[in-house]
Amino acid sequence: MRLLFSIGAVLVAGMFAGGDVAGIAAPGPKFESPESRPRSQRLAADKDAQTVDVELILAVDVSYSMDMDELAIQREGYAQAIQSKEFLRALKLGPNGRIAVTYFEWAASSDQKIIIPWRLIDGPETADAVAAEIMKTPIRRASRTSISGAITFAMPLFDEDPYRGLRRVIDISGDGPNNNGGPVTVARDAALEKGIVINGLPIMVKEPSYSTMDIDNLDFYYEDCVIGGPGSFVITIKDRDKFKEAIRTKLLMEVAGRTPERPVMRVADKEPRVSCLIGEKIWSDRWGR
């Protein structure tokens with residue numbers, strides 16, 4: 001089931017209230033060293049050390065339709081969310097208490113740049129290190145918007161991750177529809193076949209205009225054409241002042257494996273409310289390509 005979510009629907013404090021931290025193994029004998037254990041036990045321990053609650057790919061739009069202020073707020077939003085006490089608390093409530101994250105920026109179908117290779121986040125120190133790495137990278141902008149290219153680029157990154165997650169999630173943020181590369185639904189469906197969940201953060205803080213190729217119902221487009229998988233959801237940003245709050249809420253839900261309360265009742269074979277080729281059509285009509 002796909003879900004649509006607005007940031008006002010979750011009370012973060014209540015979402016993670018109560019309960020002990022799960023998944024903490026009982027300590028072994030006081031003087032037992034790892035070398036003294038049987039090889040099978042050591043291998044099992046090594047395997048457990050590589051297990052995380054979620055492998056999370058943050059795929060962030062840097063197309064020219066995003067202004068420099070939006071790009072800066074977006075960067076700060078991710079960095080601050082990862083360092084927030086709410087995020088760290090959600091992290092520790094997971095069965096393993098750790099996640100693996102990679103962060104890349106995308107524009108055209110051939111333009112993706114990894115900013116943060118796979119990193120383990122298991123507490124404040126590793127969270128601070130990832131946040132600092134996000135913030136120190138110079139902000140860039142590039143042409144075109146290829147959500148399909150971002151999804152296609154993201155899928156093999158899971159094979160490169162040294163950690164193995166209970167869930168695999170691609171988190172797509174963007175302020176316009178796919179207008180470059182293959183159809184977005186083809187890329188989405190290929191990811192879903194691999195058991196990957198795709199969540200969305202449509203950015204709708206500006207009025208649609210001819211120059212930016214924005215559309216009126218980007219949230220509907222993301223819900224019907226971009227996201228997918230069990231518990232997938234959309235958090236829409238319509239207010240610039242809510243940008244960072246939305247990013248934090250989205251990450252909290254992804255780390256905790258939570259789903260929004262309000263489902264959108266959609267029939268699987270129903271026509272999407274917004275054409276999944278609307279971005280390609282706008283581009284073709286404008287430039288005749």
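Two residues are in contact when they have heavy atoms within 4.5 Å of each other. On that basis, residues 24 or more positions apart account for 82% of the contacts in the chain with a separation of 6 or more. The model is predicted.

**Overall make-up**

- The chain has 289 residues, and 48% of them are buried.
- Its secondary structure consists of 11 helices and 9 strands.

**Nonpolar cores**

- In soluble globular proteins, nonpolar side chains tend to be buried together.
- The largest nonpolar core in this chain holds 38 residues.
- Tyr78, Ile82, Phe87, Ile99, Tyr103, Ile121 and Leu251 have the most contacts inside this core.
- Helix H10, residues 243-256, supplies the largest share of the core, with 7 residues.
- Another core, of 33 residues, lies apart from the largest one, and its members include Val52, Ala150, Tyr163 and Ala187.
- Leaving out residues up to four places away in sequence, Ile121 touches Ile82, Phe87, Leu91, Gly97, Arg98, Ile99, Val101, Thr126, Ala127 and Val130.

**Helices H3 and H4**

- The axes of H3 (residues 68-83) and H4 (residues 85-92) come within 5 Å and cross at roughly 55°.
- That angle makes H3 oblique to H4.
- On the H3 side the contact uses Ala81, Ile82 and Gln83, and on the H4 side Lys85, Phe87 and Leu88.
- By class, the residues of this contact are 4 nonpolar, 1 polar and 1 charged.

**Helices H3 and H10**

- H3 also packs with H10, at an angle of about 40° and with the axes 8 Å apart.
- The two helices are therefore oblique to each other.
- Their crossing is right-handed.
- H3 contributes Glu70, Ile73, Gln74, Glu76, Gly77, Tyr78, Gln80, Ala81 and Ile82 to the contact, while H10 contributes Phe243, Lys244, Ile247, Arg248, Lys250 and Leu251.
- The contact of H3 with H10 has 7 nonpolar, 3 polar and 5 charged residues.

Technical notes
Residues numbered from 1 in each chain as written. Predicted model: local features only at pLDDT ≥ 70, side-chain atom pairs only at ≥ 80, totals over all residues. Heavy atoms only, no water. Axes fitted to C-alpha atoms, helices over the stretch in contact; angles between N-to-C directions. Helix = DSSP H or I, 4+ residues; strand = E, 2+ residues; numbered from the N terminus. Parallel < 35°, antiparallel > 145°, perpendicular 65-115°, else oblique. Nonpolar A, V, L, I, M, F, W, Y, C, P; charged D, E, K, R; others polar. Core = buried A, V, L, I, M, F, W, Y, C linked by side-chain atoms within 4.5 Å. Buried < 20%, exposed > 50% of the residue type's maximum accessible area, 1.4 Å probe, protein only. Left-handed = near helix turned anticlockwise from the far one by under 90°.
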